[in-house]
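Subject: Structure for your review

Dear colleague,

Please find below the structure that I am handing over to you. My notes on what was found in it follow directly after.

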Amino acid sequence: MNPKVSIIIPNYNHSKFLVQRLESVFNQTFQDFEVILLDDKSTDNSVAILERYSDHSKVSHLIVNEENSRSPFKQWQKGIQLARGEYIWIAESDDYCELTFLSKLIKYIDDDQSKGIVYCQSTDVDENGDFLSHRVNYTNRFQPNIWQMNFVKEGREFVESYFSNFNVIPNSSAVIFKRELVEDSIFSRSLLEMNMCGDWYFWIKLALKTKVCFLSETLNYFREHQSVSRNHKDVQKKKNRLLEEKIVRTFMRSVKIINLQSEYLLYHKWFNLHGYLSIFSKSFYNVRLKNTSYFAFINMYITYRFASNKFTKKIMIFKSIL
């Protein structure tokens, strides 16, 4: 008989946090699950830790890559292909959770077949598990901040109103979703090559097919540490992140979801990273959306560079997009 939930734990060099992650999974109050352990050729002692758990009755697979995949989303794809459960939980190896995580989310989603994604509130913690911030603050720019209470939203409405601004599911460890929503086409080449926006892209594709629900109780602990992929402080990583965002926004436009203000912000950030001579480089135009002509793009950049203050820059570029 298949388990209710398939828990995928993709790991890469998280030996410091791995035992806490695994113990928070195996000791869930809800026990109808399988665990799929994946290691992406770690260079620390992660594999030794995973092997200690490989004989656990809940572990259905332990797969250690011979080469690093260079993409967390290839690991997601592999885990989902192996999964037998009705629901999927991608429990990132550096995070952890309350022992009631599964029981409360399953209860919340399982009462209505039209619900396909459910996630809970998270708290950010440091390497030692000490409190950093509460994720309800992450969505304060929305008024009302609907994440202050439980909700259920139609998927397309959720994408148009919230995902079109930024990724409002910041941590996959806080989410369970129906396996049947994941068609092979979801893992497109562009998604599999991403390192920073792939989860956002993935959630949008799933949300368009189902209802999204949220449990405001804090059940997930989102680890902030130096090696996480979302830390992109150098210029090239910032550029790569914006190029990935361009792919996400292109997809949203393909399904008639357009957020002009957020597209402006994409260009604004891109222009900040490029000097005047960049306009003579082909790569400068890689972030340009198809609805923006080359002439308009150059004009926006020149307008941005010569504007006297930030407010004027925002107004002038936004008008150009319109």
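**Aromatic pairs**

The count of aromatic pairs comes to 35; please note that the model is a predicted one. One of these pairs is formed by Trp76 and Trp203, whose ring centres are 5.8 Å apart and whose planes stand at 50°, so the pair is tilted. It joins distant parts of the chain, since Trp76 belongs to helix H3 (residues 72-82) and Trp203 to helix H7, 127 residues apart. Both Trp76 and Trp203 are buried.

Tyr285 and Phe297 make another tilted pair, with 5.7 Å from centre to centre and 55° between the planes. Tyr285 is in the loop between H9 and helix H10 (294-306) and Phe297 is in H10 itself, so this pair ties together parts that are 12 residues apart in sequence. Tyr285 counts as buried because its relative accessibility is 14%, under the 20% cut-off. Phe297, at 0%, counts as buried too.

There is also an aromatic cluster, whose members include Tyr119, Trp147, Phe151, Phe158, Phe163 and Phe214.

In soluble globular proteins, nonpolar side chains tend to be buried together.

Leaving aside residues up to four places away in sequence, the contacts of Tyr119 include Trp147, Phe151, Phe158, Cys213 and Phe214.

**Helices H5 and H7**

Helix H5 (residues 155-163) and H7 have axes that come within 8 Å and cross at roughly 145°. On the H5 side the contact is made by Gly155, Arg156, Val159 and Phe163, and on the H7 side by Trp200, Trp203, Ile204 and Ala207. By class, six of the contact residues are nonpolar, one is polar and one is charged.

**Strand E8**

E8 pairs with strand E10 (residues 211-223) in the antiparallel sense, over four bridges. Within this pairing, Val152 stands opposite Cys213 of E10.

**An exposed position**

Gln261 lies in helix H9 (residues 260-272). With a relative accessibility of 53%, Gln261 counts as exposed.

With kind regards

How values were computed: Residues are numbered from 1 along each chain as its sequence is written. This is a predicted model: local features need pLDDT of at least 70, side-chain atom pairs count only at pLDDT 80 or more; totals for chains, interfaces and linings use all residues. Side-chain values use heavy atoms; hydrogens and water are left out. Two strands pair if DSSP finds at least two bridges between them. Helices (H or I, at least four residues) and strands (E, at least two) are DSSP runs, numbered from the N terminus. Buried means under 20% relative accessible area, exposed over 50%, partly exposed in between (1.4 Å probe, protein chains only). Contact means heavy atoms within 4.5 Å. Axes are lines fitted to C-alpha atoms, for helices over the stretch in contact, and angles run from 0 to 180 degrees between N-to-C directions. Ala, Val, Leu, Ile, Met, Phe, Trp, Tyr, Cys and Pro count as nonpolar, Asp, Glu, Lys and Arg as charged, and the others, Gly among them, as polar. Rings of Phe, Tyr and Trp (its six-membered ring) pair if their centres lie within 6.5 Å; planes under 30 degrees apart count as stacked, over 60 as edge-to-face and the rest as tilted.
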